[in-house]
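Take a moment to look at the whole chain before reading on, and then follow the paragraphs below with the sequence and the structure side by side.

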Amino acid sequence: MSVKSDAAWQSWSEKQTYLALSNLLTACAALKIDSCPMEGFEQDKFNAILGLDQKGLNAAVIAPVGYRSAKDHA
């Protein structure tokens, strides 16, 4: 049995967020709610704003969710 390093655990846990993200996107689609998974954001700023770093947590992916404006073109 091998022991995972902290970096390996970090990588594994970040990938687990995609399981929850998949459920979120599927539920949004079923309810006709717009959603979009996003990477490439400034994780340290999200962590600081949300207080995640104080809890030993880290943002891995974000997903804005909401209804489209009636003024938007379909």
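A disulfide, as the word is used here, is a pair of cysteine sulfur atoms within 2.5 Å. The structure shown is a predicted model, in which local features need pLDDT of at least 70 and side-chain atom pairs count only at pLDDT 80 or more, while totals for chains, interfaces and linings use all residues. Residues are numbered from 1 along each chain as its sequence is written, and side-chain values use heavy atoms, with hydrogens and water left out.

With that definition in hand, we can turn to the cysteines. How many disulfides does the structure hold? The number is zero, and the distances explain why: the sulfur of Cys 36 has its closest cysteine sulfur in Cys 28, and at 11 Å that is too far for a bond. Cys 28 counts as buried, with a relative accessibility of 4%, whereas Cys 36 counts as partly exposed at 39%. In these terms, buried means under 20% relative accessible area, exposed means over 50%, and partly exposed lies in between (1.4 Å probe, protein chains only).

Next comes the overall layout. The secondary structure of the protein consists of two helices and two strands, and along the sequence they follow the pattern α-β-α-β. Helices (H or I, at least four residues) and strands (E, at least two) are DSSP runs, numbered from the N terminus. The protein has a radius of gyration of 16 Å, whereas a compact globule of 74 residues would have one near 11 Å; this radius is taken over C-alpha atoms, and the globule rule is 2.2 Å times the number of residues to the power 0.38. Taken along the principal axes, the C-alpha atoms fill a box of roughly 55 × 30 × 20 Å. Of the 74 residues in the protein, 15% are buried. The protein exposes about 6100 Å², of which carbon and sulfur atoms supply 59%, and such areas come from the Shrake-Rupley method with a 1.4 Å probe, where for residues only the protein chains shown count as cover.

Let us now walk along the chain. In the segment before helix 1 lies Lys 4, a residue that is partly exposed, with a relative accessible area of 38%. Leaving aside its neighbours within four places in sequence, Lys 4 is in contact with Trp 9 and Trp 12, where contact means heavy atoms within 4.5 Å. In the loop between helix 1 (6-30) and strand 1 (34-35) we find Lys 32, whose phi is near 55°, a positive value in a residue other than glycine. Lys 32 is exposed, with a relative accessible area of 71%.

Charged side chains deserve a look of their own. Side chains of opposite charge can pair when their charged atoms come close. A salt bridge is here a side-chain nitrogen of Lys or Arg within 4 Å of a carboxyl oxygen of Asp or Glu, and the structure holds two of them. In one, the side chains of Arg 68 and Asp 34 meet at 2.9 Å, N to O. This pair links distant parts of the chain, since Arg 68 is in the segment after strand 2 (65-66) and Asp 34 is in strand 1, 34 residues apart. Arg 68 is partly exposed at 46%, and Asp 34 counts as partly exposed at 31%. In the other salt bridge, the side chains of Glu 42 and Lys 45 meet at 3.1 Å, N to O, and Glu 42 is partly exposed, with a relative accessible area of 48%.

The last stop is helix 2. Leaving aside its neighbours within four places in sequence, Asn 47 is in contact with Leu 52, Asp 53, Leu 57, Asn 58 and Ala 59. Ala 48, which also lies in helix 2, counts as partly exposed at 49%, and its C-alpha atom is separated by 9.5 Å from that of Asn 58, 10 residues away along the chain. Phe 46 is found in helix 2 (residues 43-50) and counts as partly exposed at 32%. Together with Ile 49 and Leu 50, Phe 46 makes a nonpolar surface patch of about 320 Å². Patches are made of residues with over 30% relative accessible area and no salt bridge, with like charges joined within 9 Å and nonpolar side chains (Val, Leu, Ile, Met, Phe, Trp, Tyr) within 5 Å.
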